[in-house]
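Hello,

Here is the structure I promised to pass on. Please open it first, then read the notes below.

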Amino acid sequence: QVGRTLARAQAALAWPEGSPPSPPPPPSPFAPLSDADLRTYLGPGGRLLRPHDLRLHVYHGGVEPGLRKVVWRYLLNVFPAGLSGQERLAHLRRKAGEYAALKVLLAARAAPAELALVGAAVRKDVVRTDRGHPYFGGPEDGHPHLAALQALLTTFALGHPRLSYCQGMSDVAAPLLAVLDDEAQAFLCFC
C-alpha cells in the first residue's frame, strides 16, 4: 500500500524530465479475508484445517473488519487446535468462567497497597484510551468499556507480577476489547 501511495504521489508531482516515474507496484496476492475465504480454511464441523495458510492470507491481505472478531481469536491462539464450532463455543464459555474466577481471586489475594499501585498505573493509561472512538467515548465516570479495560489490564498485571503493567499495554488491549466486545475474550487474546 505504501508503494502504491508513493507511485501516486510521484505521478501527481510530475517529476522533472529525465526522471522516469516508477512502475505501479504489483497487486497484493490476497484480498482481505472474507467470510467465503474463511470457510475455505474450515473443514467439517467448522474445524480449522489450514492454520498456516489462514495466517498467510491475513498477513498478505488483512481481514474484512466484520470478521476480525472471529479471525483474531484464531490468530491469537485462543482455541486449541482441532476444535469444531460447537467445541469452540464451549471453550469460550469455560474460559469466560475461568477469567471471572481468576479476576476475583487475584483481587482478593493482592495486598491493598499492591492493588492500589497496579490500579493507579493502569488507570493512567485507561483514561487516555482513544476517547474519540465511539466504543470508548462519553463520560469517564461509570463508563462500562473503560471499566472493562481497567479490569482486564489489572487482572493481567496481578496474574503476571514479574511483568505487571507496562505503559502502552492498554494500546494493545483496547482494540481487542472494542472489536470483541467481551472482556473475557479480550483478556484471552491479550494473554
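**Tyr74 and its helix**

Tyr74 is a residue of helix α4. Keep in mind that the model is predicted. Tyr74 has a relative accessible area of 11%. Buried means under 20%, so Tyr74 counts as buried. Leaving out residues up to four places away in sequence, Tyr74 touches Leu38, Leu42, Gly46, Leu48, Leu54, Arg55, Phe79 and Arg88.

Helix α4 covers residues 68–75. Its buried residues are Val71, Arg73, Tyr74 and Leu75. What do the buried residues of α4 pack against? They meet α2 (35–40), α3 (51–61), α5, α8 (169–180) and α9 (183–190). After α4 comes Asn77, with a positive phi near 55 degrees.

Cys189 is 115 residues away along the chain, yet the two C-alpha atoms are 9.3 Å apart in space.

**The cysteines**

Cys189 is buried, at 5% relative accessibility.

**Helices α5 and α7**

Next, a helix pair. Helix α5 spans residues 85–109 and helix α7 spans residues 144–159. Their axes come within 10 Å and cross at roughly 65 degrees. That makes α5 roughly perpendicular to α7. The crossing of α5 past α7 is left-handed.

Which residues make the contact? From α5 come Tyr99, Leu102, Lys103, Leu106 and Ala107. From α7 come Ala151, Leu152, Thr155, Leu158 and Gly159. In the contact of α5 with α7, seven residues are nonpolar, two are polar and one is charged.

**A loop residue**

Finally, look at Pro44. It sits in the loop between α2 and α3. Is Pro44 buried or exposed? Its relative accessible area is 68%, and the cut-off for exposed is over 50%, so Pro44 is exposed. Pro44 and Ser84 are 40 residues apart in sequence, while their C-alpha atoms are 7.9 Å apart in space.

Best wishes

Definitions and conventions. Residues numbered from 1 in each chain as written. Predicted model: local features only at pLDDT ≥ 70, side-chain atom pairs only at ≥ 80, totals over all residues. Heavy atoms only, no water. Buried < 20%, exposed > 50% of the residue type's maximum accessible area, 1.4 Å probe, protein only. Axes fitted to C-alpha atoms, helices over the stretch in contact; angles between N-to-C directions. Helix = DSSP H or I, 4+ residues; strand = E, 2+ residues; numbered from the N terminus. Parallel < 35°, antiparallel > 145°, perpendicular 65-115°, else oblique. Left-handed = near helix turned anticlockwise from the far one by under 90°. Contact = heavy atoms within 4.5 Å. Nonpolar A, V, L, I, M, F, W, Y, C, P; charged D, E, K, R; others polar.
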